[in-house]
Amino acid sequence: MPLTDRQIKALRPSERIQKISDGGGLQLHMMPTGSKLFRQAYRFDGKQKLLALGSYPAVTLAEARAKRDAAKALLKAGLDPSHHIKLERMAKAEASANTFDAIADELLAKAEREGLSANTIAKKRWLLSLARPDLGHRPIADITPAEVLVPLRRVEAKDNFETARRLRAVIGQVFRLAVATARAESDPTYALQGALTTPKVRHRAALIDRDAFAGLIRAVWSYDGAPDTRAALQLMALLYPRPGELRAAEWSELDLAKAEWTIPAERTKMRRAHRKPLPDAAVTILRDVSTRNAHARFVFPAIHTTQRTMSENTMNAALRRMGFTRDEATAHGFRASASSLLNESGRWSADAIEAELGHADPDGVRRAYHRAAYWEERSRMSEWWANEINELRA
């Protein structure tokens, strides 16, 4: 006789397991502990087997019967239901371990192992945080281009077109890692090429006309704001490093006696240590800064704590107070100004200028040669450029 819910509810435990049949191999096992477990008895390959279908009432009688019928269908197809369910559980476990979130975390860990800067990793982490609410829980292999488009459109809706472009790129990195490790078939971001609004390119402002640049130099040297901000801008003009390299400069990187500054690999864009000669004018400025900040780790610490660097907005904000718009001058623009005017002078080889700017030659042997061969020229060039800056101030 088939079971009923009323019968099941009325069952009481005893010292032994009670087995009540529902038909078709489906049984309810009343355990001495009080648990009521559905089991499916069947034969496969000449052996008697038992398949666990769940406990009552979490699994209802109707659900247990549906599972029985599914198991019988597998038997009819020549499959062992127990083995089939085991494979399904393994597949689900693997899928949960291969979610977008899991592989995104692997990508970040890989970036850390490869020595990418903390700033670069932080940007990747922030971009991925924009995609995680929509994609994080999804198995990487099941995500479609339409799903990827959801977080991209959300960013675009705020007119952040460049951020949307970068987000698509970092999502693509996650998928390419999944493809490389055999956890996805393809990268759906390729299908989205052309789907996003193309951001309007805004080049970093720079004054490359000599007279206009002279006006900037005079404004910097006469700046009456914070002494550290003035010193940082003066060093940007004299040394033209990347602004982030100067803001995060540490006293341990500087050898003022030898007039050298070695920027460690982890803080350079090209991930290679970059040694710069310091002209006398730069050494003088740094010695003055040391009278205020020698106790700190950073040459230019934040105003309220020595544990952080000067804000990335400090130098640009000072330029605005001097009257230069964002379309006229930026901290990064000192690099373009120096590059342009040094090349125009005709005194220095293009290779020496590129080496001083910290641009990487794709040829490793040539790159190593340049570091050694152009050091003397770069040292002379740094003093010449400092003299030029001094003349521009006049």
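Trainee: Which residues does Tyr374 touch, and what makes that a contact?

Mentor: Leaving out residues up to four places away in sequence, Tyr374 touches Ser349, Asp351 and Ala352. We call that contact because heavy atoms lie within 4.5 Å. By the way, this is a predicted model, where local features need pLDDT of at least 70, side-chain atom pairs count only at pLDDT 80 or more, and totals for chains, interfaces and linings use all residues. Residues are numbered from 1 along each chain as its sequence is written, and side-chain values use heavy atoms, with hydrogens and water left out.

Trainee: Okay, and why is Tyr374 called buried?

Mentor: Buried means under 20% relative accessible area (exposed is over 50%, partly exposed is in between, with a 1.4 Å probe and protein chains only). Tyr374 has 14% relative accessibility, so it counts as buried. You'll find Tyr374 in the loop between α15 (364-373) and α16 (375-393). Its C-alpha atom is 9.0 Å from that of Ser349, 25 residues apart along the chain.

Trainee: What makes something a helix or a strand here?

Mentor: They're DSSP runs, numbered from the N terminus: H or I for at least four residues makes a helix, E for at least two a strand.

Trainee: How do you know that the length of α5 fits a helix?

Mentor: Take 1.5 Å times one less than the number of residues. Helix α5 (residues 118-135) has 18 residues and should span 26 Å; its end C-alpha atoms are 24 Å apart, which agrees. Among the buried residues of α5 are Ile121 and Leu128, and their cover includes α4 (100-113), α6 (145-156) and α7 (161-180).

Trainee: Where does α5 bend, and by how much?

Mentor: At Ser129, by about 35 degrees, with Pro133 following within four residues. The bend is the angle between axes fitted to the seven residues ending there and the seven starting there.

Trainee: Why do we say β3 and β4 pair?

Mentor: Two strands pair if DSSP finds at least two bridges between them. β3 (residues 36-44) and β4 have 9 bridges, in the antiparallel sense.
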